[in-house]
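Here is a briefing for a reader who is new to this structure. Please look over the sequence and the model before going on.

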Amino acid sequence: MNWQNRLITIYLYVCKHYQQNLWVHSQRMSHYADLSFSNEEVITLFLFGVMDKHREIKGIYEYADRHLRDWFPRLPGYVAYVQRLNRVADVFAPLLALIQQEQETRNSGQAWLIDSFPVALARQGHRFNACVAKQLADSGCCSTRKLYYHGVRVHIIGRRQPGSLPVAEYIGVTGASDHDGKIFDQIRPQLHHNELYGDKAYQRPDAEEIRQAQNLTVLIPVKKRQLCLEPQDQWLSTAVSRVRQPIEALFALIEEKTDIECASKVRSYKELMVHVFGKLAAALFFWNFLRVSS
């Protein structure tokens, strides 16, 4: 699919859902506001720019200003565009939900995969002075990457699809200090009659009680408490890691397409919502609707 058809596809999808129900999530404009550049165009331009691998809003705007004036003749100035984008920040989360609900490939009988990844507003020593988006972001660590940061953590539970990436059924964003196990406790009542594969952060002391109460089997790699594991523990850890590999591939796809984990240019809570949910929507829209034709 060439870039023109991709842009049209995104625009038609956004217009369809914005006019049906997404408009209720956008911030109300005054009676005297100039709406010749529509909210649908604001959202479309951002999604298209992210898919075109422009990592920052300024890069998206500058590309549109140079090359897409014929497509967006009423494009406002950069500051005005950022303000308009922040006004529709709350649209991206429900848009992301719609994108996932409309994915064709879905097998409800498959196991769940669970994991999370960090979105850093400030890293290492800089996190002590960070004060951006404190309504949600805080300081925490990602032990697998040995990263201490100020920011948020994106949690995803996906349905395994053999031969493909998992279908994300639950997506949530919490502060960086919220441990994976704590978030799992919040979503666990929604999970029944299946298997769930996670890493060692999801180890449960009450795993047997959960299995009996909800028919939910939580499978994780065995923690290494000695120099080497017993053969059966090594086999289990290898098997669980292989089943979990697709959700790691999903995270790699999202990062490759959007550079979502670096949010050092974000300066407000609204911008953080655009950065996280907007980039997730762009990556998953590409995977669900555009990759086959690309």
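This is a predicted model: local features need pLDDT of at least 70, side-chain atom pairs count only at pLDDT 80 or more; totals for chains, interfaces and linings use all residues.

Residues are numbered from 1 along each chain as its sequence is written, and side-chain values use heavy atoms, with hydrogens and water left out.

**Overall build**

- The chain holds 9 helices and 6 strands. Both are DSSP runs numbered from the N terminus: helices are H or I with at least four residues, strands are E with at least two.
- The chain is as compact as a globular protein of its length, because its radius of gyration of 21 Å is close to the 19 Å that the globule rule gives for 294 residues. The radius is taken over C-alpha atoms, and the rule is 2.2 Å times the number of residues to the power 0.38.
- Along the principal axes, the C-alpha atoms fill a box of roughly 65 × 45 × 30 Å.
- Of the contacts in the chain with a separation of 6 or more, 66% join residues 24 or more positions apart. Contact means heavy atoms within 4.5 Å.

**Surface and charge**

- Buried residues account for 51% of the 294 residues. Buried means under 20% relative accessible area, exposed means over 50%, and partly exposed lies in between (1.4 Å probe, protein chains only).
- The chain exposes about 14900 Å², and carbon and sulfur atoms supply 50% of that area. Areas come from the Shrake-Rupley method with a 1.4 Å probe; for residues, only the protein chains shown count as cover.
- There are 36 positive and 30 negative side chains, and the centres of the two sets lie 3 Å apart. Lys and Arg count as positive, Asp and Glu as negative; His and the chain ends are not counted. Each charge is placed at NZ of Lys, CZ of Arg, CG of Asp or CD of Glu.

**Domains**

- The domain assignment gives domain 1 (1-24 + 34-103 + 266-293) and domain 2 (109-263). Such bounds come from an automatic or database domain assignment.
- The contact takes 21 residues from domain 1 and 26 residues from domain 2.
- The C-alpha centres of domain 1 and domain 2 are 28 Å apart.

**Residues in helices**

- Arg87 is in helix α4 (residues 78-87). Arg87 is partly exposed, at 31% relative accessibility.
- Beyond its neighbours within four places in sequence, Arg87 is in contact with Ser26, Gln27, Arg28 and Met29.
- Arg244 sits in helix α8 (residues 231-258). Arg244 is buried, with a relative accessible area of 7%.
- Leaving out neighbours within four places in sequence, the contacts of Arg244 include Leu113, Asp115 and Tyr197.

**Residues in and around the strands**

- Ala120 lies in strand β1 and is buried at 3% relative accessibility.
- Ala120 and Asp138 are 18 residues apart in sequence, and their C-alpha atoms are 9.8 Å apart.
- Gln124 is in the loop between β1 (112-123) and β2 (138-142). The phi of Gln124 is near 50°, a positive value in a residue other than glycine.
- Gln124 is partly exposed, with a relative accessible area of 37%.
- Lys146 is in the loop between β2 and β3 (147-159). The phi of Lys146 is also positive, near 55°, and Lys146 is exposed at 72% relative accessibility.
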